[in-house]
Amino acid sequence: MNKHCLTATLLLLTTLAPLAAEVIELPKSDCREFGAVNIFASDSAALLISLDDAINSALRNNIALSVENFKPQISETDVEREKARFDPTFSAELSSSERVGRSLSQQRKLNDSINNSTDAEVAVSQLSTSGTRTALSLSQARSRSATTDDLYNTRFGFELQHPLKRGAGRDVNLVSLRKAELELDWSEYELQGYVLALTARVETLYWQYYLRLRQLEIVRESLQLAEQQREETGRRIEAGSIPESEAAAAEAEVALRYEELINAESQSVTAAVALLRAINHDSEKFWSLRPELTDAPLLKQIEQLDLCSHIATAMQKRPELAQARLLSEQDSLDIVESENGLLPRLDFFATIGTTGYATSSGKSFSRMGNNDTYDISAGFVYEISRGRRAEKAELKRAKVSHAMRLEAIRNLEQVIQEDVISAFIEVKRTVQQMTATAATSQKQLEKLRVEEVRFNVGKTTSFQVAQAQRDLTAARIAEVQAAVEYTNAIIELFRADGSLLERNRIALEKDD
C-alpha cells in the first residue's frame, strides 16, 4: 500500500536537455517592430526560444501548473491519515484525590475522616486491519486514610474487542484507506491531464504566434507592393499614359493595406503575450521580452497514421478514462461497506488482569501474578436495528451508483473515440488543404505577374493590379495558416489519444 505522490517538480524531459531560452540582442535591421501596439521593453532584445524550450519552461514555471501540483500532495495527507488509524496509540494518566469528612465511631462520637489516593496508568492500544482492537495497560494506585497505612496495588491488564459480524475483516476495515489511495491516484491522473492540456496549449500558442508573425511579414510586403504600385501609378500619370483617376485607387489600396498592418501588429503582440504567459519565463514581468521563434511547422506527413491504433492508444492513455475507472472502484468499495452495514453488530470482548497488593510501591509490582489476585471478564455485545431500512437503502444506492458509473464509462469511451476520430479527420483535411493552398498561392502569383505586365502596357488598371496583389496576400496567408493548422491538427490528435507527453518524451515521476 505504499503510495508516492506525483509532483510537477519532477516533470522531466527525458531527451537530452535542450538549450534554455536566452535573451539575445538582434541587429537593428532584424528587429520586428509592432508599431504603436509594441509593449515590449526593448526593440532589439528578444527571447530566443525553441518549441522544446517553450514546453520545458512551461512545465517548470507555469503558475497554474504549480497550483495543480498541490492537489496530489493534499490527497497524500489523506492516505497517511487513514494509515494512522492502525498505528499503536500510547496514553498515560495521573490523578490524585483527597476527601476530608466525618465518621461516626462505635462510641457514637464524630471523628475526622481523611482519605486520599493517587492513581497512575500507562496503556498501549492498537486497531488491526481485521477490526480487532487490543490494549495493554499497567496501572498503580495508592490509597490511605486516617486509620490505615498506605496501600499500593499494581495491575497489569489485557483487553480485547473483536467484531464477529459488522466491521469484521480486512475488506471492510480497509475501505476508507483504499478510497484515500484511489483519491490520490485520481488527483495524479488529474495532474497528468492538466500537463497534457498545458503541453498541447503551449505548442498551439507557439504555432499561433508563428502564424501571426508570418502574417505580419506578408502584410508588410503587401504594403510595400501597394506603395510601389502607387509610385508607379504616379509616374505613369505624370507621363500621361494613364488618367489621373487611377491615383485614387492606388491611394485607397495603400490605406487598406495600412489598416491590415495595424491589425496584424496587434494580433502578433496578443499572440506573443499569450505564449509568454504560458511559458512564464520571467514571473515578475513575463511580457517584458518578445519571443523570437527558432522552429518552423512540421510539414512532413506522418507515416502510419492509423485510426484504430490511435483509438486503442486513447483507451489506455486518456487520463479522464482512468479517472472514471477509479470512481467505479470507489463505488465497488461503497458496496462492500454497505453490505457490511446490513450485518448485525456482534462483538466479542475479553479483559484479563492481575493485581499485586502491598504497603510499598516496589512490593506491589513483585506480587503481581499471584493466583488469588486476578480479574477476568468476557462476553458478547449484540445489536441490530429493526427492518434495517436505512442500511438497505444505502446498499441499493451504492449498487445503482456503480451501475450508473459503468454506463458513464461506456459513454466516455465513445466520447473519446469521437474526439480521436474528429482529430484524425482534421489531420487528413489539413494535409489536403496544404496542397490546395500552395497551388492557389502559386496561381495567384502568376496572376499578379500577368496583371503587372498588362498594366505596364496600358491594358489594365491600378485597381486590377491591386486586386491581384490582395488575392496573392490572402493566398500566402492561407498557405501559412494551412501549415500551422496541420501542425495543430497533429498536436490535437496526439492530445486526443493521450500520447502527446510520450511523443514529447515527457515523463511524470513519483516523489519518493
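Biologist: Start with Arg505. Is Arg505 buried, exposed or partly exposed?
Modeller: Arg505 is partly exposed, with a relative accessible area of 46%. Buried means under 20% relative accessible area, exposed means over 50%, and partly exposed is in between, using a 1.4 Å probe and protein chains only.

Biologist: Where is Arg505 in the chain?
Modeller: Arg505 sits in the loop between α11 (500-503) and β11 (506-511). Those element names come from DSSP runs, numbered from the N terminus: helices are H or I with at least four residues, strands are E with at least two. Arg505 also has a positive phi of about 55°, although it is not a glycine.

Biologist: Before we go on, what are we looking at, and how are residues numbered?
Modeller: This is a predicted model, so local features need pLDDT of at least 70 and side-chain atom pairs count only at pLDDT 80 or more, while totals for chains, interfaces and linings use all residues. Numbering runs from 1 along each chain as its sequence is written, and side-chain values use heavy atoms, with hydrogens and water left out.

Biologist: Which other residue has a positive phi without being a glycine?
Modeller: Asn280 has one, with phi near 50°. Asn280 is in the loop between α5 (246-279) and β8 (291-293).

Biologist: And is Asn280 buried or exposed?
Modeller: Asn280 is buried, at a relative accessible area of 5%.

Biologist: Back towards α11. What about Ser499, buried or exposed?
Modeller: Ser499 is buried, with a relative accessible area of 4%. Its loop runs between α10 (462-496) and α11.

Biologist: What does Ser499 touch?
Modeller: Skip residues up to four places away in sequence, and Ser499 touches Thr313, Lys317 and Phe494. Contact means heavy atoms within 4.5 Å.

Biologist: Thr313 is in α6, I see. Which residues of α6 are buried?
Modeller: In α6 (residues 307-317), the buried ones are His310, Ile311, Thr313, Ala314 and Met315.

Biologist: What covers them?
Modeller: The cover includes α7 (319-341), α9 (389-456), α10 and α11.

Biologist: What caps the N-terminal end of α6?
Modeller: Asp306 does. A side-chain oxygen of Asp306 lies 3.5 Å from the backbone nitrogen of Cys308.

Biologist: Let's zoom out. How many helices and strands are there?
Modeller: The chain has eleven helices and eleven strands. Of its 512 residues, 39% count as buried.

Biologist: How much of the contact pattern is between residues 24 or more positions apart?
Modeller: Such pairs make up 80% of the contacts with a separation of 6 or more.

Biologist: Now the largest nonpolar core. Which members touch the most others?
Modeller: Val202, Tyr206, Tyr209, Ile279 and Leu493, out of 70 residues in that core. Helix α4 (residues 175-239) gives the most to this core, with 18 residues. A nonpolar core is a set of buried Ala, Val, Leu, Ile, Met, Phe, Trp, Tyr and Cys residues joined through side-chain atoms within 4.5 Å.

Biologist: Why would nonpolar side chains gather like that?
Modeller: In soluble globular proteins, nonpolar side chains tend to be buried together.

Biologist: Take Tyr206. What is Tyr206 in contact with?
Modeller: Leaving aside neighbours within four places, the contacts of Tyr206 include Ile49, Leu51, Leu275, Leu293 and Asp295.

Biologist: New topic, salt bridges. How many?
Modeller: There are 28 in the whole structure. A salt bridge is a side-chain nitrogen of Lys or Arg within 4 Å of a carboxyl oxygen of Asp or Glu.

Biologist: What does Glu190 pair with?
Modeller: Glu190 pairs with Lys71, the closest N and O atoms being 3.9 Å apart. Glu190 is in α4 and Lys71 in α2 (residues 63-84), so the pair ties together parts that are 119 residues apart in sequence.

Biologist: And Lys179, what is its partner?
Modeller: Asp334, at 2.3 Å from N to O. Lys179 is in α4 and Asp334 in α7, so this pair ties together parts 155 residues apart in sequence.

Biologist: Arg214 and Glu217 also meet in a salt bridge. How far apart are they in helix α4?
Modeller: They are three residues apart, which is about one helical turn. Arg214 is partly exposed at 23%, and Glu217 is partly exposed at 24%.

Note on methods
Polar contact = N/O pair within 3.5 Å; in protein donor to acceptor, adjacent residues only side chain to side chain.
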